[in-house]
Amino acid sequence: MSIKGQLNASRDFLMAGMRAAARVSTPNQQAERLMRACLDLVEHLARQSENVTTSEVETTLGVMTRAAAELEQDEAASAVLAAVRNAIGRMQTLRTEISQAK
């Protein structure tokens, strides 16, 4: 899959997580903020997909991993956590692809 394709897939997972965070009976504003921050980072990378570096992907992965750790504390955020983990998986695949291309 292309760099842009991996970023778009990651973005799609995060958008699904945002929808899941908004659908719960008691909305979790912290989960929504975390999802928005992760989504903003991925969208920034997608806009410059031709020039994405491994360090940018690593930085984004770090933020997403911290977000997942925070979401693990909230039992009601299981769908949101699953979305973040799927997005992390795509970003890890992207990191591997970029590393191998160099």
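Author: Start with what is hidden. The buried residues of α3 are V57, T60, L61, M64, A67, A68 and L71. Around the helix axis they take up an arc of only 125 degrees, which puts them on the same side of α3. The background is simple. An α-helix has 3.6 residues a turn, so residues three or four places apart point the same way. Now look at the other side of α3. There, T59 and R66 are exposed.

A word on the source: this is a predicted model.

Next, the length of the helix. α3 has 19 residues, and at 1.5 Å a residue they should span 27 Å.

What does the buried side of α3 pack against? The partners are α1, α2 and α4.

Take one residue from that side. T60 is found in helix α3. T60 has a relative accessible area of 3%. The cut-off for buried is under 20%, so T60 counts as buried. Set aside the neighbours within four places in sequence. T60 is then in contact with L41, V42, L45 and M91.

Now widen the view to the core. The largest nonpolar core has 28 residues. Those with the most contacts inside it are L7, L14, M64, L71 and M91. Which elements give two or more residues to this core? They are α1 (3-23), α2 (29-47), α3 (54-72) and α4 (78-101). M64 and L71 are also on the list of buried residues of α3.

Follow L7 next. Again, leave out neighbours within four places in sequence. L7 is in contact with V42, L45, A46, S49, V52, M91 and L94. Compare that with T60, whose contacts include V42, L45 and M91.

L7 is one of the buried residues of α1. At 1.5 Å a residue, its 21 residues should span 30 Å. Its end C-alpha atoms are 31 Å apart, which agrees.

Go on to α4. A82 has its place in this helix. Its relative accessibility is 37%, and A82 counts as partly exposed. A82 and L71 are eleven residues apart along the chain. Their C-alpha atoms are separated by 9.7 Å.

Finally, step back to the whole protein. The secondary structure comes to four helices and zero strands. From the N terminus on, the elements run α-α-α-α. The C-alpha atoms fill a box of roughly 45 × 20 × 20 Å, taken along the principal axes. For 102 residues, a compact globule would have a radius of gyration near 13 Å. The protein has 13 Å, which agrees.

How much of the protein is buried? Of its 102 residues, 35% count as buried. The accessible surface comes to about 5,600 Å². Carbon and sulfur atoms hold 51% of that surface. The contacts reach along the chain too. Among those between residues at least 6 apart in sequence, 71% join residues at least 24 apart.

Back to α3 to close. Its buried residues pack against α1, α2 and α4, while T59 and R66 are exposed on the other side.

How values were computed. Residues numbered from 1 in each chain as written. Predicted model: local features only at pLDDT ≥ 70, side-chain atom pairs only at ≥ 80, totals over all residues. Heavy atoms only, no water. Core = buried A, V, L, I, M, F, W, Y, C linked by side-chain atoms within 4.5 Å. Buried < 20%, exposed > 50% of the residue type's maximum accessible area, 1.4 Å probe, protein only. Contact = heavy atoms within 4.5 Å. Expected span 1.5 Å × (residues − 1). Arc of directions from axis to C-beta. Rg over C-alpha atoms; globule rule 2.2 N^0.38 Å. Areas by Shrake-Rupley, 256 points an atom, 1.4 Å probe, with all protein chains shown as cover.
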